[in-house]
Amino acid sequence: MDFELDETHKDLQASIRAFVNREIRPVARDWEHSGRYPTEIIATMRDLGLFGMTIPEEFGGQAYDLVAFSIVFEEISRAWMGIAGILGSHSLACWIIAHHGTEAQKRTYLPRLATGERRTGIALTEPGAGSDLQGIGTRAVLDGDHYVVNGTKTWITNARHANPLPVLVKTDAGASPPHRGMSLLLVDSDSDGFVVSRDLGKLGYKGPESCEVSLQDVRVPATDLLGGVEGRGLQQALSGLEIGRINVASRAVGVAAEALEQALAYSQLRHAFGQPISQFQAIQLKLADMATETNAARLLTWWAASIADTGVRADTQTGMAKLFASEVALKASLESMRIHGSYGYSTELDIERLYRDAPLMAIGEGTNDILRTVIAKGLLAQASPKTA
Ligand SMILES: Cc1cc2nc3c(=O)[nH]c(=O)nc-3n(C[C@H](O)[C@H](O)[C@H](O)COP(=O)(O)OP(=O)(O)OC[C@H]3O[C@@H](n4cnc5c(N)ncnc54)[C@H](O)[C@@H]3O)c2cc1C
């Protein structure tokens, strides 16, 4: 067992950290507060090949292993979690197309998604259904060689920049169980009837847009049914959420690590009662817990990533990583705010952003309570009942 990163991973970590320090940190506070879209940062992420992380080399991608993938998300999220969100939805959708698309779909879409010339996202959630995806209302009805799609999706990250956008639909609304009638369609966002109807206001996760998308009689060629067979959409989407959980867990580790680093620095600078506040045991207890929990979250995330890398389904492990790391991020951002006193509440420092960004990681890619049920199912499937 080796708990150290190898040289390749260390080099990647150093190069992403350098990019983050050079291009994201100096602008994060102002751009996040003003709502400015991070166009220039995206351009550099394209140059670095980060839009191709989950795309095989034969289609122009970088085919990162999932520990490398995790490192990228942690490093970026230390400086601005929203930027990692732009890559997160894109990478997840690319992974789904690469694993479940037909050869023609892969050849058509992946090369331009790998370079970032085109970008994507994933449209599952609806105003009436989030955790319960089998309850979605969006319908796709075959009409000749096209599906006609009607419905509304919400909270869609990258909605204004995604093309194609994989959209979860019901191709057979009467199927039982419902998932047998669900499919993913790769929807061209330039199609008539595809409208990004509004941007949703939100607490944090600023940078990427979160939008409602309305689909009214949108005609999608049947050749853009992901994988070419109806009824597999929910399973295709859920398999992608597994790497989505690694990305969210890694973002949470980044937020927690930054909250800790800033608390360590500030506690040595700030004096009270004639000494640095770092000398008070009450502050030291917080620092010790934050450091312990952040390291545990990182190791759990890399462990889950390395299991998922072997190609086995790792819902339980990735679920554990996302659950634990997001709770650590919530706690660490609050503890760092306490250590910073009134300055932690100020918009002139970064702690308030970490505090606003942390809760999303407990919601996205499955709420933490839903993940608890996923983990329990995995555990129970492994355990045999014992008789007394
Ligand atoms: C900033 C942001 C970005 C997002 N980006 C995307 C995106 O790009 N694409 C996309 O498709 N979606 C996206 N989402 C949506 C996100 O995936 C959903 O919000 C999430 O899955 C939860 O669904 P919900 O909000 O409908 O909550 P609900 O499903 O309504 O859940 C409400 C509460 O009930 C609990 N609950 C529900 N069912 C159960 C159960 N069986 N057992 C126990 N508790 C339960 C939940 O844990 C939660 O506490 C985004 C959300 C946010 C906030």
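Guide: Leaving out neighbours within four places in sequence, Ile41 is in contact (heavy atoms within 4.5 Å) with Phe19, Glu23, Ile24, Val27, Trp31, Trp80 and Ile83. The model is predicted, so local features require pLDDT of at least 70 and side-chain atom pairs pLDDT 80 or more, while totals for chains, interfaces and linings take in all residues. Numbering runs from 1 along each chain as its sequence is written, and side-chain values use heavy atoms, without hydrogens or water.

Ile41 belongs to the largest nonpolar core, which has 61 residues; Ile24, Ile41, Met45, Ile76 and Leu87 are the members that touch the most others. The elements that each contribute two or more residues to this core are helices H1 (7-34), H2 (39-47), H3 (66-79), H4 (81-100), H5 (103-115), H6 (233-269) and H7 (281-309), together with strand E4 (182-187). H4 supplies the largest share, 10 residues. Another core, of 29 residues, lies apart from this one and includes Tyr205, Ala297, Ala325 and Ile339. Such a core is a set of buried Ala, Val, Leu, Ile, Met, Phe, Trp, Tyr and Cys residues joined through side-chain atoms within 4.5 Å; buried means under 20% relative accessible area, exposed over 50% and partly exposed in between, with a 1.4 Å probe and protein chains only. Helices (H or I, at least four residues) and strands (E, at least two) are DSSP runs numbered from the N terminus.

Trp80, one of the contacts of Ile41, is also touched by Arg353. Arg353 sits in helix H9 (residues 351-361) and, at 3% relative accessibility, counts as buried. Beyond four places in sequence, Arg353 touches Ala28, Arg29, Glu32 and Ala79 as well as Trp80. A polar atom of the Arg353 side chain lies 2.5 Å from the backbone oxygen of Ala79.

Gln13 is in helix H1, and its relative accessibility of 19% places it in the buried class. Not counting residues up to four places away, Gln13 touches Leu5, Ile71 and Glu75. Glu242 is in helix H6 and is buried at a relative accessible area of 6%. Setting aside sequence neighbours up to four places away, Glu242 touches Ala308, Val312, Arg313, Ala314, Asp315 and Thr318. Glu242 and Ala305 are 63 residues apart in sequence, with their C-alpha atoms 9.5 Å apart.

Next come the aromatic pairs. Rings of Phe, Tyr and Trp (its six-membered ring) pair if their centres lie within 6.5 Å; planes under 30 degrees apart count as stacked, over 60 as edge-to-face and the rest as tilted. By this rule there are three aromatic pairs. Phe69 and Phe73 have ring centres 4.7 Å apart and planes at 65 degrees, so this pair is edge-to-face. Phe69 and Phe73 are four residues apart in helix H3, about one helical turn, and both are buried. Tyr266 and Tyr343 make a tilted pair, with 6.3 Å between centres and 50 degrees between planes. Tyr266 is in helix H6 and Tyr343 in the loop between helix H8 (315-339) and H9, so the pair ties together parts 77 residues apart in sequence. Tyr266 is buried at 14% relative accessible area, whereas Tyr343, at 41%, is partly exposed.

The backbone has some exceptions to note. Most residues other than glycine have a negative phi, and most peptide bonds are trans. The Asn163 to Pro164 bond is cis, with omega near 10 degrees; Pro164 is in the loop between strand E2 (146-157) and strand E3 (165-170). Ser176 and Pro177 are also joined by a cis peptide bond, with omega about -5 degrees, and Pro177 is in the loop between E3 and E4. Tyr205, a member of the 29-residue core, has a positive phi near 55 degrees. Tyr205 lies in the loop between strand E5 (194-199) and strand E6 (210-221) and is buried, with a relative accessible area of 7%. Asp217 has a positive phi near 50 degrees and is found in strand E6.

Technical notes: A polar contact is a pair of N or O atoms within 3.5 Å; within protein, one must be able to donate a hydrogen and the other to accept it, and residues adjacent in sequence count only if both atoms are side-chain atoms.
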